[in-house]
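Here's a quick tour for someone new to reading protein structures. Have a look at the model below, then follow the notes topic by topic.

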Amino acid sequence: MKDSLELARLDTRSADFEARFGALLARDLGEDSAAERGARDIIAAVRSGGDAAVLEFTARFDGVQVPSLKDLYLDRDDFAAAFARVGREERHALSTAAGRISEYHGHQQGADWSYTDAAGNRLGQRISPLDRVGLYVPGGQAAYPSTVLMTAIPAKTAGVPALLMTVPTPGGRRNDLVLAAAHLAGVDGAFCIGGAQAIAALAYGTESVERVDKIVGPGGAYVAAAKRQVYGAVGIDLIAGPSEVLVIADANAPAQWLAWDLFSQAEHDAAAQALLLSPDADLLDSVESAMRQLLASQPRRDVIARSLADRGALILTRDISEALVLANRVAPEHLQLCVDDPESLLPRVRHAGAIFLGAHSPEVMGDYAAGPSHVLPTAGTARFSSPLGVYDFQKRSSVIHLSATGAQSLARVSAVLATGEGLHAHAGSAAARISGFDHNQSE
């Protein structure tokens with residue numbers, strides 16, 4: 001067990017900075033071959049064996065043996081009963097978080113639109129929700145009611161009529177907070193199953209599990225591998241990597257607050273990353289001192305110490321502008337701007353999953369209660385992807401209604417382009433809409 005703090009100190013002025021910074025950002029994005037093979041075998045077994053295969057894997061991995069998969073099904077009444085069982089303080093916290101998440105995602109609602117051009121053609125877009133969504137909630141070492149709220153509420157806000165949750169219950173232990181969150185979030189039903197077998201059941205269906213159109217939610221290596229392999233048969237949200245935070249702070253940021261913020265990411269797991277960038281060397285010294293003082297009191301100090309030793313760093317920059325340049329290179333999952341005037345920096349942030357402005361806006365608030373979903377792009381994928389939201393549970397269809405006049409001119413353009421591509425039936429279909437056209441001309 002690591003009982004002392006080992007933490008890299010970098011300086012952008014140093015000759016070896018680029019090499020050391022690059023090593024910090026090096027991410028193994030390769031597939032876990034053992035997990036890939038294992039997930040592939042499990043998926044194949046579930047596709048051929050259905051309920052029986054899911055029951056076999058649930059007995060093997062979770063120690064839960066039941067005669068029928070329906071014995072592992074929970075409905076809305078079960079969720080309501082769990083909500084009644086949890087304590088008053090927990091009910092209030094869940095309800096407050098659910099209300100804020102719902103309010104935020106209500107602002108993401110899209111609307112159909114259309115316009116009519118000069119030739120009388122009406123063109124537009126229609127938005128419709130997915131029919132069925134599967135929500136994977138981890139349930140091994142810990143319980144994650146926040147994951148239920150952060151995934152189910154955007155789906156329901158989007159108008160998804162059917163939301164099915166899967167959550168493993170090792171040893172048959174069901175977590176009331178998770179089920180209470182399902183009650184508040186409007187989940188329609190749940191199976192107490194997990195792992196790659198749950199992903200396979202959601203993607204392809206079994207005798208008891210109706211297949212879904214999209215699967216969302218985080219999981220371990222086997223879940224990630226299974227999601228990667230079923231993509232195409234169903235949609236997925238993303239392949240989640242280790243959690244990350246990058247903090248930019250000026251001299252006025254409270255050192256102990258920053259120490260807690262770095263710890264809050266590092267305690268996720270040893271692969272998590274916590275970086276602090278500042279032009280103030282005294283602040284970095286104070287933060288390091290605070291971290292050393294706090295570490296011994298942390299129940300997960302071993303995980304924190306390993307994460308910080310392997311992937312953490314305190315980085316001295318020339319100024320805040322340089323820190324922002326480095327932050328955009330990292331494209332972190334979470335970016336905290338703990339400076340006096342964070343709003344002035346916001347236009348210069350190009351890549352981040354979620355941006356937290358000011359010292360009073362720590363990432364932990366985003367994990368639970370601020371409002372936006374905490375399902376975010378990791379491993380630099382914030383360069384091209386976005387947080388989970390209502391739009392992830394909706395489809396957009398193009399709407400094309402041509403007038404007789406409009407079809408005349410567009411048909412000529414389409415016929416010429418189709419002929420140029422050697423697609424003569426395409427050209428014929430377009431040309432048929434031209435008044436008085438001799439169809440033999442297209443041959």
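Leu149 touches Leu94, Ala97, Ala98, Ile101, Pro154, Ala181 and Ala185, leaving aside residues up to four places away in sequence (contact means heavy atoms within 4.5 Å). Keep in mind that this is a predicted model: local features need pLDDT of at least 70, side-chain atom pairs count only at pLDDT 80 or more, and totals for chains, interfaces and linings use all residues. Residues are numbered from 1 along each chain as its sequence is written, and side-chain values use heavy atoms, with hydrogens and water left out.

**Nonpolar cores**
- The largest nonpolar core has 69 residues, and Leu135, Val148, Leu149, Met165 and Val187 touch the most other members.
- Another core, of 27 residues, lies apart from it, and includes Val247, Ala249, Leu262 and Leu284.
- A nonpolar core here is a set of buried Ala, Val, Leu, Ile, Met, Phe, Trp, Tyr and Cys residues joined through side-chain atoms within 4.5 Å.
- Buried means under 20% relative accessible area, exposed over 50%, and partly exposed in between (1.4 Å probe, protein chains only).
- In soluble globular proteins, nonpolar side chains tend to be buried together.

**Helix H9**
- Helices (H or I, at least four residues) and strands (E, at least two) are DSSP runs, numbered from the N terminus.
- In helix H9 (residues 221-230), the buried residues are Val223, Ala224, Ala225, Ala226, Lys227 and Val230.
- Those buried residues pack against helix H2 (33-49), strand S5 (132-136), helix H8 (195-204), strand S8 (214-216) and strand S9 (235-236).
- After H9 comes Gly232, with a positive phi near 115°.

**Arg132 and its partner**
- Is Arg132 buried or exposed? Arg132 counts as buried, because its relative accessibility is 17%.
- Glu210 forms a salt bridge with Arg132, with the closest N and O atoms 3.6 Å apart (a salt bridge is a side-chain nitrogen of Lys or Arg within 4 Å of a carboxyl oxygen of Asp or Glu).
- Glu210 sits in the loop between H8 and S8 and Arg132 in strand S5, so the pair ties together parts that are 78 residues apart in sequence.

- The whole structure has 14 salt bridges.
- One of them joins the side chains of Asp188 and Arg76 (2.4 Å, N to O).
- Asp188 is in the loop between helix H7 (176-185) and strand S7 (189-191), while Arg76 is in helix H4 (residues 76-85), so this pair links parts 112 residues apart in sequence.
- Arg318 and Glu322 also meet through their side chains in a salt bridge (2.7 Å, N to O).

**The six-stranded sheet**
- Six strands make an open sheet in the order S1-S12-S11-S10-S13-S14, with parallel pairing (two strands pair if DSSP finds at least two bridges between them).
- Strands S1 (8-11) and S14 (354-357) stand at the edges with a single partner strand each, so one side of each has no neighbour in the sheet.
- S1 and strand S12 (residues 313-316) run parallel and are joined by four bridges; Ala8 has Ala313 as its bridge partner in S12.

**Ala272**
- Ala272 lies in the loop between helix H10 (255-266) and strand S11 (273-278), and is buried, with a relative accessible area of 0%.
- Ala272 and Val303 are 31 residues apart in sequence and 9.4 Å apart in space, C-alpha to C-alpha.
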